[in-house]
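Hi,

Here is the structure I promised to pass on to you. Have a look at it first, and then read on for what I found in it.

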Amino acid sequence: MGFNFIACDLDRAFLLPQDVREWLPPEHLCWKVLDAVGEVDLSAFMAGYRSDGQGRAAYPPGVLLALVLYCYSKGVRASRRIEQACLDDVGCRIITGNRRVDHATVARFIRRHRLSLKALFVQVLALCGQRGLVDLSAVAVDGSPMEANAGRESNRSLERLEAIIRDGEAELDQMVQDALAHARAAETDEVPAPVERQAADTSLGQLSRLSDRILRARAAMEQLHQRALPSAGEIKIKVEAAERIVARAEKRLGTEMAAHQARLNEYAERTVQDRAAGHRAANGRPPVALDVKTVIVRQRARLATARAGLERARNPRPVPSPAARASLSDPDSSLMPHKRGGYLQGFNLQIVCARGQFLLAIELQDNPSDMTALVPMVGRTQENCRSAGITDEVRAWLADSGYASTSNFEALAGLPLLVALKNDTHPGDGEPPPSEAIPAGQRDMAARLASPTGQSLYKQRAALVEPGFAQLFQRFGRQLHYRGTDAVDAEIKLLDTVHNLNKLFRQQTKHSP
């Protein structure tokens with residue numbers, strides 16, 4: 001009596017069905033991705049290719065788009081891993097027509113069509129809206145740090161960046177002088193040809209690396225100056241205060257000039273009357289001229305100082321602090337507080353979630369504070385919904401205490417907004433704080449949160465947005481692969497597109513007969 005095993009004869013020849021539709025079952029992910037790509041408008045992708053049939057043949061953009069969406073849906077994001085998947089993943093073989101797409105083609109496709117990939121997010125959102133999957137009865141806004149493709153050790157201070165640029169430019173000048181000297185020596189046949197070619201190759205490599213380092217240092221310096229700029233709200237407050245100072249100085253100068261001009265006119269009238277009466281020098285010493293009156297000169301100087309302050313407030317000159325740092329690897333990223341303590345080099349990822357964790361907007365900012373992101377995220381969500389043809393209005397905007405500010409409440413006064421004023425899970429529960437302890441611009445929000453309707457709505461915030469972050473990070477991780485604002489923005493839009501697309505696939509599976 002021997003073992004009873006299922007026969008697995010590796011020497012037996014296997015033949016796949018000739019029809020690729022029989023390779024995988026109809027409910028497989030690759031067929032769903034191909035169907036979705038067939039529904040979207042690819043004209044923006046097609047516009048980047050020649051229509052005269054000339055040049056080297058290229059992969060159809062629909063094929064590469066389906067390949068990227070399919071691999072991203074499975075958590076495969078690196079171009080080299082996508083190339084490997086074309087070899088050992090049957091779904092990729094079906095999408096590409098049994099061709100192995102190399103990693104450079106995938107990377108160039110994503111880089112070349114960044115704008116089209118960003119617009120694809122709205123098209124997928126429109127597909128979700130057409131199927132009635134986007135419920136706007138309540139949406140939640142929240143932020144979470146995401147790691148950039150850069151390390152913390154790449155951060156440099158302004159002084160260090162200036163030294164890098166200065167030393168790099170000096171090294172460039174020296175390389176130019178050495179190249180000229182080498183060229184003169186080569187003209188007199190003092191340098192053998194192989195040595196000349198080797199020196200030229202080495203110089204070109206050094207020049208490329210040095211130039212790249214100087215450019216990245218300049219970009220990091222520019223970021224430091226940009227971050228030192230005050231926010232629009234701070235600029236507005238400073239300008240209004242400077243305008244009040246200028247107005248007071250102008251009023252004071254006008255009062256002093258009018259008073260002294262009255263004294264001059266009075267002296268002139270008395271002088272005319274004395275001369276008519278035959279009196280001489282009876283009017284006393286004349287007042288000083290208007291332009292040299294001490295109080296007027298002083299007030300004019302104060303007015304000039306106030307106007308200079310107003311000009312500085314309107315056009316602030318950013319001065320980075322000595323403690324400010326910027327990354328040489330990715331200057332657009334910055335240090336963010338980590339969820340588990342400490343700091344990471346990355347971005348502040350902001351999302352807006354509807355019911356079912358459908359993402360209505362996704363953006364990145366280099367400011368670790370959420371407060372400045374509320375108004376832009378609300379505007380971006382409204383714009384995306386309009387572009388996707390979703391006409392329903394959001395009936396409740398929910399956000400935690402990180403977004404609470406009087407300026408945000410004033411800017412969004414016409415919206416059904418609920419923002420916690422303190423760091424509580426349910427801010428309406430318990431004894432409300434006395435009204436005098438709440439800033440005047442936030443008392444209406446406090447009253448709204450304290451109402452039964454406000455409490456019921458706000459309790460839905462965590463259930464709306466927290467699973468959205470969990471699903472994104474579980475599928476894609478917290479690490480970004482690209483560098484620079486434009487490339488990173490296209491990357492997160494692509495992640496958001498894949499997230500919503502898989503939500504759409506799951507709903508279709510639930511309702512399929």
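The side chain of Asp370 makes a polar contact with the side chain of Gln350, at 2.8 Å. (A polar contact here is a pair of N or O atoms within 3.5 Å; within protein, one must be able to donate a hydrogen and the other to accept it, and residues adjacent in sequence count only if both atoms are side-chain atoms.) Please keep in mind that this is a predicted model, in which local features need pLDDT of at least 70, side-chain atom pairs count only at pLDDT 80 or more, and totals for chains, interfaces and linings use all residues. Residues are numbered from 1 along each chain as its sequence is written, and side-chain values use heavy atoms, with hydrogens and water left out.

You will find Asp370 in the loop between strand E6 (359–365) and helix H12 (374–387). Helices (H or I, at least four residues) and strands (E, at least two) are DSSP runs, numbered from the N terminus. With a relative accessible area of 15%, Asp370 is buried; that word means under 20% relative accessible area, while exposed means over 50% and partly exposed lies in between (1.4 Å probe, protein chains only). Not counting residues up to four places away in sequence, Asp370 touches Asp142, Gly143, Asn348, Gln350, Gln365, Gly402 and Tyr403, where contact means heavy atoms within 4.5 Å.

Now the overall picture. The protein has 17 helices and eight strands, and buried residues make up 40% of its 513 residues. Among contacts between residues at least 6 apart in sequence, 75% join residues at least 24 apart.

Which residues touch the most other members of the largest nonpolar core? They are Leu65, Leu67, Leu69, Tyr72, Ile351 and Leu374, in a core of 97 residues. (A nonpolar core is a set of buried Ala, Val, Leu, Ile, Met, Phe, Trp, Tyr and Cys residues joined through side-chain atoms within 4.5 Å.) Leaving aside its neighbours within four places in sequence, Leu69 is in contact with Val33, Val37, Leu120, Leu494, Thr497, Val498 and Leu501. There is also a second, separate core of twelve residues, with Ala249, Leu303, Ala306 and Leu310 among them.

Next, the aromatic rings. Rings of Phe, Tyr and Trp (its six-membered ring) pair if their centres lie within 6.5 Å; planes under 30 degrees apart count as stacked, over 60 as edge-to-face and the rest as tilted. By this rule there are two aromatic pairs. In one of them, the rings of Phe45 and Phe109 have centres 6.0 Å apart and planes at 10°, so the pair is stacked. Phe45 lies in helix H2 (residues 43–46) and Phe109 in helix H6 (residues 103–112), so this pair ties together parts that are 64 residues apart in sequence. Phe45 is buried at 1% relative accessibility, and Phe109 is buried at 3%.

Phe469 and Phe473 also form a stacked pair, with 5.8 Å from centre to centre and 20° between the planes. Both lie in helix H16 (residues 461–476), four residues apart, or about one turn of the helix. Phe469 counts as buried at 5% relative accessibility, and Phe473 is buried at 13%.

Helix H16 also holds Ala463, which is exposed at 52% relative accessibility. The C-alpha atoms of Ala463 and Gln357 are separated by 9.0 Å, although these residues are 106 apart along the chain. Gln357 lies in the loop between strand E5 (343–353) and E6, and has a positive phi of about 60° although it is not a glycine.

Happy browsing!
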